[in-house]
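Hello,

Here is the structure I promised to pass on. My notes follow below it.

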Amino acid sequence: MSGGLAQGQSWTRDYYRNHVTAAAGFAMPGRDLKTYYQNAFAWSFGYGYRPVKYVQVDLGLDGSYNAARVKDYIESPGWGYLRIRDFQTFLPLGGRVVAPLAKGRVEFYGGGGAAYARTAEFLRQPSDWVRIECPDCVARDGWGYYALLGGSVALDRAQHFRLGVTTRVYRMDTSGPPVGATPAVNTTDQWVNTYFGLTFSF
């Protein structure tokens, strides 16, 4: 074990317990959404805790923008026309198995768990100090599961910073009013979201 890694970690273990990740990438809709939605810019924030070296518990918040291609407007007195946009939100809760290589400098991992997803319309507010209600905005949501696969490489000798790529495949049943061209029925949704991110471990 390198001197830097030994100094950066507790003498009782050769791995970090806490891992915070910020990432960006793209989201690809599938199954019943494929006809109605488009690929979209996506982002991800996550926290992972490792009770043991090879297992990590994950909690995350993923999102994407304009996959439903909503381009509606409402007219507000004094503010004119304000745009309504659509956002997708994913809440993954699960875990992963981690395979460290090269004394931990390279990691591969795979896992999965439960997931909640919501697609909603939001009104673009005219100011940070003004809040205008959006009676026309709707949302649909549902529960399902996800699977993930990815890897990362340490950027520094102490392995505090890692650059990685992760793909999450979401599958869930959603219901609610139509968002964009989605039919107003229950749908089986699939998303393949790929993120390139930076992780801080401590």
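Is Glu107 buried or exposed? Glu107 counts as buried, because its relative accessibility is 8%. Buried here means under 20% relative accessible area, exposed means over 50%, and partly exposed is in between (1.4 Å probe, protein chains only).

Before the rest, the ground rules. This is a predicted model, so local features need pLDDT of at least 70 and side-chain atom pairs count only at pLDDT 80 or more, while totals for chains, interfaces and linings use all residues. Residues are numbered from 1 along each chain as its sequence is written, and side-chain values use heavy atoms, with hydrogens and water left out.

Salt bridges

The count is 5 salt bridges. The rule asks for a side-chain nitrogen of Lys or Arg within 4 Å of a carboxyl oxygen of Asp or Glu. Glu107 pairs with Arg50, with the closest N and O atoms 3.0 Å apart. Glu107 sits in strand β6 (residues 106-123) and Arg50 in strand β2, so this pair ties together parts 57 residues apart in sequence. Strands are DSSP runs (E, at least two residues), numbered from the N terminus. Arg50 is buried, at 5% relative accessible area. A network of salt bridges links Arg50, Glu107 and Arg162.

Next, Arg96 and Asp58 meet at 2.8 Å, N to O, in a salt bridge. Arg96 is in strand β5 (residues 80-101) and Asp58 in strand β3 (residues 55-65), 38 residues apart. Both Arg96 and Asp58 are buried.

Asp62 and Arg168 also form a salt bridge, at 3.0 Å, N to O. Asp62 belongs to strand β3 and Arg168 to strand β8, so the pair joins parts 106 residues apart in sequence. Asp62 is buried at 1% relative accessibility. Arg168 is buried too, at 8%.

Disulfide

The whole structure holds 1 disulfide (cysteine sulfur atoms within 2.5 Å). Cys134 and Cys137 form it, with sulfur atoms 2.0 Å apart. The link is right-handed, with 80 degrees about the S-S bond. Cys134 is buried, at 16% relative accessibility.

Nonpolar patch

A nonpolar surface patch covers about 930 Å². Among its residues are Val20, Tyr47, Leu155, Phe161 and Phe202. Patch residues have over 30% relative accessible area and no salt bridge; nonpolar side chains (Val, Leu, Ile, Met, Phe, Trp, Tyr) are joined within 5 Å. Strands β2 (40-52), β8 (161-174) and β9 (187-201) each give two or more residues to the patch. Tyr47 lies in strand β2. Tyr47 counts as partly exposed, at 34% relative accessibility.

Best wishes

Conventions: Patch = residues over 30% accessible without salt bridge, like charges linked within 9 Å, V, L, I, M, F, W, Y side chains within 5 Å. Areas by Shrake-Rupley, 256 points an atom, 1.4 Å probe, with all protein chains shown as cover. Helix = DSSP H or I, 4+ residues; strand = E, 2+ residues; numbered from the N terminus.
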